[in-house]
Amino acid sequence: MDEKRIKILIAKPGLDGHDRGAKVISYALKEAGMEVIYSGLHKSIGQIVRIAIQEDVDIIGLSIMTGAHIPIVEKMMKKMQKEDVLDKAVFVGGVIPAKDILKLRDLGVAGVFPGGTPLSETIEFIKTYMKKA
Amino acid sequence: MAVARYIKDEKDRITDVILESGIHVKPLYTPEDLNRTGFDYEKDLADPGQYPYTRGIHPLGYRSRAWTTRQYTGFGSPEETNERFKLMISHGQTGLNVAFDLPTQMGYDSDNSMSEGEVGRVGMAVDTLRDFEIAFKDIKLDKIGAGLTINAVASIMLAMYQATGEKYGYEPSVISATPQNDILKEMVGRGAWIFPVEPAVKLIGDTIEYAMTVMPHTNPVSVCGYHIRESGATPAQEIAYAIMIANVYIDNVLARGYDIDAFVGRFSFNLNVFGDMWEQIAKFRAARKLWARNLKEKYNVKNPQNLFLRGLFGGGGYGLTKAQPENNIMRGAYYALVAALSGAQTTALCSYDEAYTIPTPHSALLSLRTLQLLMDEMGLRDTVDPLAGSYFIETLTKEMEQKIEEEMEKIEKNGGMIKAVSNGYIQRLVARQAYEVEKGLETGELLKVGVNIYKEGELQEVELHEYNCESAEKQIEDLKTVKRQRSQSDVARTLKELETATKEGKNVMPCLVECCKAYATVGEMTDIFRQEFGEFQEPALF
């Protein structure tokens, strides 16, 4: 394996504390051989982007359960553009209604994993995406 | 989500069943099993209403009184919440259960930049007393109790509730609030914590001490095994941790010099119902017994009524699925049956669309009707503890009791509850288990209808509760108006008094009530605590 190890930040933006999903995906990605950093709770977009830069991650995975995914992602993308780190891929997981998946994609999200997506599917998607990238 | 693990032979016959708590279920139970476990009717069960209350805390169960139904309600503006409260009451709901938005739960005002996009989203926005005045308008606060589902700033909400009552002419002694007020479980799961462990527990002690004398009908703490279970704990761990967390709050109040019988009778519990139904029923029966024994033997509680484990058994959120959402209606009915067979005093169900969104009025009403059906049509009020004496149920109850005790010992060995939460021992354990469950669902070792068996192609969409941006903007405008109109000198004076009381380590409740009456904001009060206490440092996951 001469592939570079994928480094991913799993982040919980905003005030929501429901982190079962974020923790489960963190364990799963770690077991799939990726290097995982978990942000912890209640992080602002600024803090998340800062951690992503400091840790030099390839991917930022946002876990959002409150329904605020659209405004959070809009803010995230603006911040990433400002910091000139749009080369990092953004993935979103959580409570995401089907009708919002396209909207998130249009905002620049590379992959959306609504609650119930099998872990293996998420892992495969990320691996394939990174090979293409 | 998971139930038991089923081991099967090549002909698809079940050869073993392993419950989440680690108990193996046998294919057949006989009187031999009761002998094996040393079952003794008087010691292990006794009649309902008799120590150790395994069969229930009231001698006649639901014959004397049906359960209280308390659907979790609240969203958007206080006006909308008030409307929904009245709707649910008009349909026969007997208690209120207030959902707060995240900014309120985290002590931020609606106009704080941290609140952007979240005002009124997952619950009602509360900035000042004005919001409570609107939410509880025309509701008979001496007749109906209100659950306040909030933790880190529960002290502020309890003060706000008292101030609202007084505004509408109800003495604090006649109103009944049940703030959730369980911060340790927030640190294990759910995550709505603000302050570090020690001051956070002290604030809970303050509310218990205050309620004891000023609001005797209030239940100042609702200990939530519920969210710990949602985060990945087994049913045995759910009860073990809930009892140990309750003991932390008890110890805080005892250290202030009070007699335990003066306050512990107002403790209540919030416990979960999803999973293997037999394991849940055994869990609730064992929990009543262990809580009573804990109080009697460890704390020397004298008054039998103070030994009651009173609780809301319900919810079942993690058991619900996004796939084939209407199946959640049936799941809810079975969960409610479990709660009724277990003798719940209070109940509520997650609504079928709750895996997606805030429940619509239609889905919330379906949940309420599910609960009412059991009491009024299905015969659940006929006799108390109908499952008692089943060889299986009694054996399982004994085995659950043992498992719960084992889990408590594990935490004791690791330095006790406060340490296990502060250093992340429990959080890591529970998260790891959650991961194992997900893996079990992927390999098919655990079964879930619509998820890994009987799947249908496309995800079915349900009606969504839309977030109302205008309502959020109005909330911010209303806050500005209140800030303009209130007496600035009263606000400054009451906040100053709160700051002094906080610094001196006094009970902050009387000062909080005064701050609320002066229309100080939730954010202003919380900021004083934030400054004085600092913030909880979340232990690392890996």
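A: This is a predicted model, and in it chain A has five helices and five strands. Taken along the principal axes, the box filled by the C-alpha atoms of chain A comes to roughly 40 × 35 × 25 Å.

The interior of chain A can be described in two ways. Of the 133 residues in chain A, 49% are buried, and, among the contacts in chain A with a separation of 6 or more, 70% are between residues 24 or more positions apart.

Within chain A, one pair of helices can be followed in detail. Two packed helices are described by the angle between their axes and the distance between the axes. Helix α3 (residues 69-82) of chain A and helix α4 (residues 98-106) of chain A have axes that come within 10 Å and cross at roughly 10°. Angles under 35 degrees count as roughly parallel, and α3(A) and α4(A) are therefore roughly parallel to each other. On the side of α3(A), the contact is made by His69(A), Ile70(A) and Val73(A), while α4(A) brings Asp100(A), Lys103(A) and Leu104(A). By kind, the residues of this contact of α3(A) with α4(A) divide into three nonpolar, one polar and two charged.

Chain A also touches chain B, in a contact that takes 29 residues from chain A and 35 residues from chain B. On the side of chain B that touches chain A, the elements that give two or more residues are α4 (102-105) and α16 (425-443) of chain B. The largest share of that side comes from α16(B), with six residues. The residues of the side of chain B that touches chain A divide into 17 nonpolar, six polar and twelve charged.

The C-alpha trace of chain B spans about 75 × 60 × 50 Å along its principal axes. Buried residues make up 53% of the 542 residues of chain B, and 76% of the contacts in chain B between residues at least 6 apart in sequence join residues at least 24 apart.

The axes of helix α12 (residues 327-341) of chain B and helix α13 (residues 361-376) of chain B come within 10 Å and cross at roughly 40°, which makes α12(B) oblique to α13(B). The crossing of these two helices, α12(B) and α13(B), is right-handed. From α12(B), the residues that meet α13(B) include Ile329(B), Ala333(B) and Leu337(B), and among those they meet in α13(B) are Leu366(B), Thr370(B) and Leu374(B). The residues of the contact of α12(B) with α13(B) divide into eight nonpolar, three polar and no charged, whereas the contact of α3(A) with α4(A) includes two charged residues.

Definitions and conventions. Residues are numbered from 1 along each chain as its sequence is written. Chains are lettered from A and ligands numbered from 1 in the order in which they are written. This is a predicted model: local features need pLDDT of at least 70, side-chain atom pairs count only at pLDDT 80 or more; totals for chains, interfaces and linings use all residues. Helices (H or I, at least four residues) and strands (E, at least two) are DSSP runs, numbered from the N terminus. A residue is buried if 20 or more other C-beta atoms lie within 10 Å of its own, exposed if 12 or fewer, and partly exposed in between; C-beta atoms are placed from the backbone. Two residues are in contact if their C-beta atoms, placed from the backbone, lie within 7 Å. Axes are lines fitted to C-alpha atoms, for helices over the stretch in contact, and angles run from 0 to 180 degrees between N-to-C directions. Angles under 35 degrees count as roughly parallel, over 145 as roughly antiparallel, 65 to 115 as roughly perpendicular and the rest as oblique. A crossing is left-handed if the near helix is turned anticlockwise from the far one by less than a right angle, and right-handed if clockwise. Ala, Val, Leu, Ile, Met, Phe, Trp, Tyr, Cys and Pro count as nonpolar, Asp, Glu, Lys and Arg as charged, and the others, Gly among them, as polar.
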